[in-house]
Amino acid sequence: MPFLTDPVLPAGTLAESPQPVIPTGDGLVLRPWRDTDAPAVHAAFQDPLMHRWHVRAADSMAEVTGWVEEWVTAWAEEKAVQWAVVDADTDELRGRVALRGIELVDGMAEVAYWTTAAARGQGVAARATTALSRWALDDIGFHRLELLHATSNEASCRVAAKTGFTLEGTKRSSVLHQDGWHDMHLHARVRGD
């Protein structure tokens, strides 16, 4: 049965060109991951705060090396895209920003991020999310970006609001974390916001 509409973004929209480097314009750069980033990612995930808001742990360097390998190859698959957020001058890892659950046909994806302990409180997540959203919505042509966070994660709620993601509602008992089921705030931006 044929669709009545064309895909918002055709297959190959991402994969037919190299993953870009995206400067934030204020001292950070979003760049593709490198295998040499694994030690910094492993160190970031030793922070107890990462365990509070994330569902994965980094128990070994081998495990994290596997993550980085997946992040590097994800661009070609067009299902998720991951960037390292680094200091523009030193290339020191400050965090990660990503588009997950990419649906090119519908022009939709979910924005996700984390920051290293040393980078918290410096606006890294907001600056990276702003740059990624601008690229995804304005340059590539995504129609809708969603952002989910645990309702008790007030810092992520501030990032969402600061970057123009409107709170649309609460997904009750939506994500299982180590301490139980979390309600999640659903925020979104659409092209033209």
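Reader: How many helices and strands are in the protein chain?

Author: This is a predicted model, in which local features need pLDDT of at least 70, side-chain atom pairs count only at pLDDT 80 or more, and totals for chains, interfaces and linings use all residues. Residues are numbered from 1 along each chain as its sequence is written, and side-chain values use heavy atoms, without hydrogens and water. Helices (H or I, at least four residues) and strands (E, at least two) are DSSP runs numbered from the N terminus. The protein chain has five helices and eight strands.

Reader: Which strands are the edge strands?

Author: Two strands pair if DSSP finds at least two bridges between them. The eight strands form an open, mixed sheet in the order β1-β2-β3-β4-β5-β6-β8-β7. Pairing on one side only marks the edge strands, β1 (22–23) and β7 (166–177).

Reader: In what sense do β5 and β6 pair, parallel or antiparallel?

Author: Met108 stands opposite Arg144 in β6. Over four bridges, β5 (residues 108–115) and β6 (residues 144–150) pair in a sense that is parallel.

Reader: What angle does the direction of helix α4 make with that of β4?

Author: Helix α4 (residues 124–140) packs on the sheet, and the strands it touches include β4 (93–103), β5 and β6; contact means heavy atoms within 4.5 Å. Axes are lines fitted to C-alpha atoms, for helices over the stretch in contact, and angles run from 0 to 180 degrees between N-to-C directions. The angle with β4 is about 35°.

Reader: What percentage of the residues in the protein chain is buried?

Author: Buried means under 20% relative accessible area, with a 1.4 Å probe and protein chains only. Of the 193 residues, the buried share is 45%.

Note on methods:
Buried means under 20% relative accessible area, exposed over 50%, partly exposed in between (1.4 Å probe, protein chains only).
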